[in-house]
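Please prepare a briefing on the structure shown below.

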Amino acid sequence: MNPGDRVRVERAGVTNEGVLMPSTTAEHLVVKLEGGYNVGVDRESASVDVLESDVHAVDDEPDPEAGDVSEITFDDDLPTISLISTGGTIASTVDYRTGAVTARFDAEDVLRAVPDLAGRANYRGRVVANILSENMDPDIWQELAYAVHEEIAAGADGVVVMHGTDTMQYSAAALAFTLETPVPVVFTGSQRSADRPSSDNVMNAVCAVEAAKSDCAEVLVCMHADESDDACALHRGTRVRKNHTSRRDAFETVGAKPLGEIDYEAATEAGADGAVADEAITVRREHASRGETALDIAPDLADGVELATFAPGMSPAAWEHLDDAAGVVVAGTGLGHVHTDLIPRIEALVDDGTPVVMTSQCLEGRVCDRVYDTGRDLIDAGIIEGGDMLPETALVKLMWAIANTDDVADTMRTPLAGELTAESRPWR
């Protein structure tokens, strides 16, 4: 039997029929069922009947030891897009030993997995990390910033960063503050792995490449716009948040509609020959244009900056670990409040030279600590009002501000990458 054969597999009283697929291990058979899902079966304990040979053409993974390589042909008429992989579900496979989704593909593997990318651009592949995104940290943000900077300096017309979705908003914010970019830098990922019929990896990858070819030279997040397969939303990296654990349209721009959208059908038709699919892209608000900003990098990030979330009944002792913090972002309630008993601890931090930034758990709306007594007391204690910054974005910005500026408070109050709005009114 060979990959592409239609087979019947029996094991432990369970029978599965489908197309035999290549397996990442010699111990397991991988069968694609009629519904589109893959199952992994222990080879030794299974009986297999070949029902029909060569039903589908299925290529094995390239074998470097046999001289197989992933070769990408360059076309002088196409833009060059750098694909940078950090891991995550968009670049993942199923480990049939455990049944878990495991990050393992590099950027070239993604090109093999998403043939729809062919002809849209020239591609350069680069791996910065191969981790699940919950293992992301500021050191890797710095490595990523350097990698993106180097790719742009080497002539990339746009960059697509493939990233796990759980912490994508943090990484996008980090690059928005550490990089000045003349080309689009687009984060994308997948909520559902490639072996699932409802996977969003192909659409997100195609739309991200089209966004990277566009005129919108900002740090963006490109993910499904809704539950259908009609469009991907383009979110500004400092205003986006993952608001659902598993839906394909989990990402939202907080306080507004997304910065833009990409119509998938139009992008598929227009971009397949390498042309920029301008008719597929809608941008709603002002944005940095391609070539408008000179490439620059300020990658330093301060260690020891903490995000502390207030909850009713919290003891002041719960914040003792903040005594040695380089900076603190507080996610307070409402307009930016904490229990009165916590104010002396915040005042002590400020007196010791620790900047403390107040944000709100409400996400929409802005902090205003001048309305109620608690807020006024917090201002007297020395907190920095975070405006309408998301707590996660404020955390990353504070790391950057401490490491790169002399006046942290002024920097935190100044819009740098679209993270703050200048006035309290609904975004258009």
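The briefing below takes up these topics in turn.

This is a predicted model, in which local features need pLDDT of at least 70 and side-chain atom pairs count only at pLDDT 80 or more, whereas totals for chains, interfaces and linings use all residues. Residues are numbered from 1 along each chain as its sequence is written, and side-chain values use heavy atoms, with hydrogens and water left out.

Helices (H or I, at least four residues) and strands (E, at least two) are taken as DSSP runs and numbered from the N terminus. A residue is called buried under 20% relative accessible area, exposed over 50%, and partly exposed in between, with a 1.4 Å probe and protein chains only. The areas themselves come from the Shrake-Rupley method.

**Salt bridges**

- A salt bridge is counted where a side-chain nitrogen of Lys or Arg lies within 4 Å of a carboxyl oxygen of Asp or Glu, and by this rule the count comes to 15.
- Glutamate 17 and arginine 6 meet through their side chains in a salt bridge of 3.8 Å, N to O. Because glutamate 17 lies in strand 2 (residues 14-21) and arginine 6 in strand 1 (residues 6-11), the pair ties together parts that are 11 residues apart in sequence. Glutamate 17 is partly exposed at a relative accessible area of 32%, while arginine 6 counts as buried at 18%.
- In the salt bridge between glutamate 151 and arginine 124, the closest N and O atoms are 3.0 Å apart. Glutamate 151 belongs to helix 2 (residues 138-153) and arginine 124 to strand 9 (residues 122-127), so this pair ties together parts that are 27 residues apart in sequence. Glutamate 151 is buried, with a relative accessible area of 10%, whereas arginine 124 is partly exposed at 23%.
- Arg124 and Glu151 also take part in a network of salt bridges that links them with Arg126 and Glu150.
- The side chains of lysine 397 and glutamate 419 form a salt bridge of 2.6 Å, N to O. This pair links distant parts of the chain, 22 residues apart, with lysine 397 in helix 8 (residues 391-404) and glutamate 419 in the segment after helix 9 (408-413). Lysine 397 counts as buried at 0% relative accessibility, and glutamate 419 is buried with a relative accessible area of 0%.

**A negative surface patch**

- Asp226, Asp230, Asp263, Glu265, Glu269 and Glu279 form a negative surface patch. Such a patch is made of residues with over 30% relative accessible area and no salt bridge, like charges being joined within 9 Å. Asp and Glu count as negative, and the place of a charge is taken as CG of Asp or CD of Glu.

**Strand 13 and its partners**

- Strand 13 (residues 219-224) is mostly covered, 6 of its 6 residues being buried.
- Strands are said to pair if DSSP finds at least two bridges between them. Strand 12 (residues 185-188) runs parallel to strand 13 and is joined to it by 4 bridges, with phenylalanine 187 having valine 221 as its bridge partner in strand 13.
- Strand 14 (residues 231-236) pairs with strand 13 in the antiparallel sense over 5 bridges, and here the bridge partner of valine 221 is histidine 235. A hairpin through 6 residues joins strand 13 to strand 14.

- Helix 3 (residues 168-178) is largely enclosed by the rest of the structure, because 10 of its 11 residues are buried. Among them are Met168, Gln169, Leu175 and Phe177.
- Aspartate 166 lies in the loop between strand 10 (158-162) and helix 3 and is partly exposed, with a relative accessible area of 45%. Aspartate 166 and histidine 244 are 78 residues apart in sequence and 9.9 Å apart in space, C-alpha to C-alpha.

**Positive phi angles**

- Alanine 12, although not a glycine, has a positive phi of about 50°. Alanine 12 is found in the loop between strand 1 and strand 2 and is exposed at a relative accessible area of 71%.
- Leucine 363, another residue other than glycine, has a positive phi near 70°. Leucine 363 is found in the loop between strand 22 (356-360) and helix 7 (373-381) and counts as buried at 19% relative accessibility.

Definitions and conventions. Patch = residues over 30% accessible without salt bridge, like charges linked within 9 Å, V, L, I, M, F, W, Y side chains within 5 Å. Areas by Shrake-Rupley, 256 points an atom, 1.4 Å probe, with all protein chains shown as cover.
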